[in-house]
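Cut-offs are given where a term first comes up.

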Amino acid sequence: RTDLEAQNVRFEPLTERFKQTPSSPQVTSLKSTIIDILVAVSNLRANFRLGKLLQKFKEYNTDERTQTELKKIHAHVVENKMDRYEGDFIKTLFDDFEELFVKGDGAALDLGVLSGGQNMDVILVDCLMYDDDTLFAKALALLDRTYGQRRKLIDAVGDVTLLQQETVPIFGNVADMNAELSFLIFLVRSSEVWGVSSRVSGPFGPDKYNTVVMTCDKINSFLLHPPMSYEQTKTNNFIPSSLLMNRVKGGSAAEENANPLQKQSSAEGGGGDYPYLFHQNVLRAMNAQTTLIEALNIDYNLSFKGSICPSEEKIESRRMLVHVQSKLVESLCLFVKGNTKNQRLVFKHLNLLRKHLGPLKLPEVWPTDFSDEHKASLATAPGMNTEEVIIECLRNNWELCDGAVPRDLLEDFGSLLENEPDPSESDKLELFNIMCQPIAYGRTIPRNQEM
């Protein structure tokens, strides 16, 4: 029918409009896109509220009276004795937190207000009725987000890492570190331009290549460098950053509230080749995981897929991109090592990690002018070593080992072991040990033992 023939004609019965028709995908796809936009707005809203909350935390710490109260609360939380705290500052903390949602800009950021008074609950419940799984999932997620705004902010605060001062090891200061990490993701995403020499993309970019390698080395050094101790920074009046986030969580947290610098020092024995938990958390807070995961999308055989350049330049392109990608994977391995949150973040991208298992891949199609001598010069070993990243994601992580590992991953590692000269000496055997017993001397997982 056309709009002129039947305007505003309702479905009979009304439930008919939720059923799949030839035009349904267009409707549900549009609704899904709108929900995606609303989720993005919700993320901006959460970031705005987080900034306001951290600013309030800063104000507390610049006032001697409120800072004293915060220290008292912190001490009671660490000892799990909040019932013995005497004072009304807890109510002040609660009121300031609640104000982010019910007053001023906080209330103005409600989706119903932003949409001009629309009843978002009714709209989202209506979307749940459509016979479309994607739309159902997105509508339900946004409903959960709408009624979980406080939980979302609390979770976001829990992921914040506050530094005692702007100076950081290796990079110098936070601003320079953030700039270098931001430039790194740009270089990783543009590797197909500077890492390939052709008439289209132009010559190689050796300066960009060197910058990526240097930044990876700095990331590794930062992870392995001891954090500045509390004694080094206590001229600054800020109290340990764990105070606010753990109080809001409302948990008893002798372990969580322990000074992160002291806690990791005892757990990691002074570093060596083991990364420091605090610096891993700093990198996560600066979104370094996005850059390191993005590195897995680099195609080191790109120059063999139509680039107009001599064979020698194709070989050099492959060498550069393999080196860059392996350096980033090395940083990724240190990023996840012994850090449960980082392990979960990276393991979500298991499919990307599995793409690089085993030896380096040779080009699928050889250029017609590529000689046998040139072919022999392309190395396939050592590989990208994503096996170690997978192993480090699972080490000491009971949750991932117990339910997140697909069976065919074990089959992949089994195939890799078959190609080893002596499988009994291979580091890849660790995967099977960890899968059965994630934590050394801890409980075993019978289901994995039977695989």
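Which residues does Ser426 touch, not counting residues up to four places away in sequence? Ser426 touches Leu417 and Glu420, where contact means heavy atoms within 4.5 Å.

## Basis of the model

This is a predicted model, in which local features need pLDDT of at least 70 and side-chain atom pairs count only at pLDDT 80 or more, while totals for chains, interfaces and linings use all residues. Residues are numbered from 1 along each chain as its sequence is written, and side-chain values use heavy atoms, with hydrogens and water left out.

## The loop around Ser426

Ser426 is placed in the loop between helix H23 (407–418) and helix H24 (430–436); helices (H or I, at least four residues) and strands (E, at least two) are DSSP runs, numbered from the N terminus. With a relative accessibility of 10%, Ser426 counts as buried, the classes being buried under 20% relative accessible area, exposed over 50% and partly exposed in between (1.4 Å probe, protein chains only). The side chain of Ser426 also reaches the backbone nitrogen of Lys428 at 3.1 Å.

## Overall fold and surface

The secondary structure of the protein chain comes to 25 helices and two strands, and 42% of its 451 residues count as buried. Among contacts between residues at least 6 apart in sequence, 73% join residues at least 24 apart. The accessible surface is about 24700 Å², of which 53% belongs to carbon and sulfur atoms; these areas come from the Shrake-Rupley method with a 1.4 Å probe, and for residues only the protein chains shown count as cover.

## Nonpolar cores

A nonpolar core is taken here as a set of buried Ala, Val, Leu, Ile, Met, Phe, Trp, Tyr and Cys residues joined through side-chain atoms within 4.5 Å. The largest has 61 residues, and those with the most contacts inside it are Met177, Leu283, Leu328, Val346, Ile390 and Leu394. Helix H17 (residues 311–336) gives the most to this core, with eleven residues. Apart from it lies another core, of 13 residues, among them Ile35, Met120, Leu124 and Leu142.

Leaving out residues up to four places away in sequence, Leu283 touches a set of residues that includes Met177, Ile219, Phe222 and Phe335.

## Aromatic rings and charges

The structure holds seven aromatic pairs, counted when the ring centres of Phe, Tyr and Trp (its six-membered ring) lie within 6.5 Å, with planes under 30 degrees apart called stacked, over 60 edge-to-face and the rest tilted. Phe171 and Phe222 form an edge-to-face pair, 5.8 Å centre to centre with 70° between the planes. This pair links distant parts of the chain, 51 residues apart, with Phe171 in the loop between strand S1 (167–168) and strand S2 (172–173) and Phe222 in helix H11. Both Phe171 and Phe222 are buried. Ring pairs also link Phe304, Trp366 and Phe370 into a cluster.

Arg150 lies over the face of Phe101, at 4.5 Å from the ring centre, and the charged end of Arg443 sits over the ring of Trp398, 4.2 Å from its centre; the criterion is NZ of Lys or CZ of Arg within 6 Å of the ring centre and within 35 degrees of the ring normal.

## Backbone features in loops

A cis peptide bond with omega about -5° joins Ala381 and Pro382, and Pro382 is found in the loop between helix H20 (372–376) and helix H21 (386–394). Asn287 has a positive phi of about 65° although it is not a glycine, and Asn287 is partly exposed, with a relative accessible area of 39%.

Notes. Polar contact = N/O pair within 3.5 Å; in protein donor to acceptor, adjacent residues only side chain to side chain.
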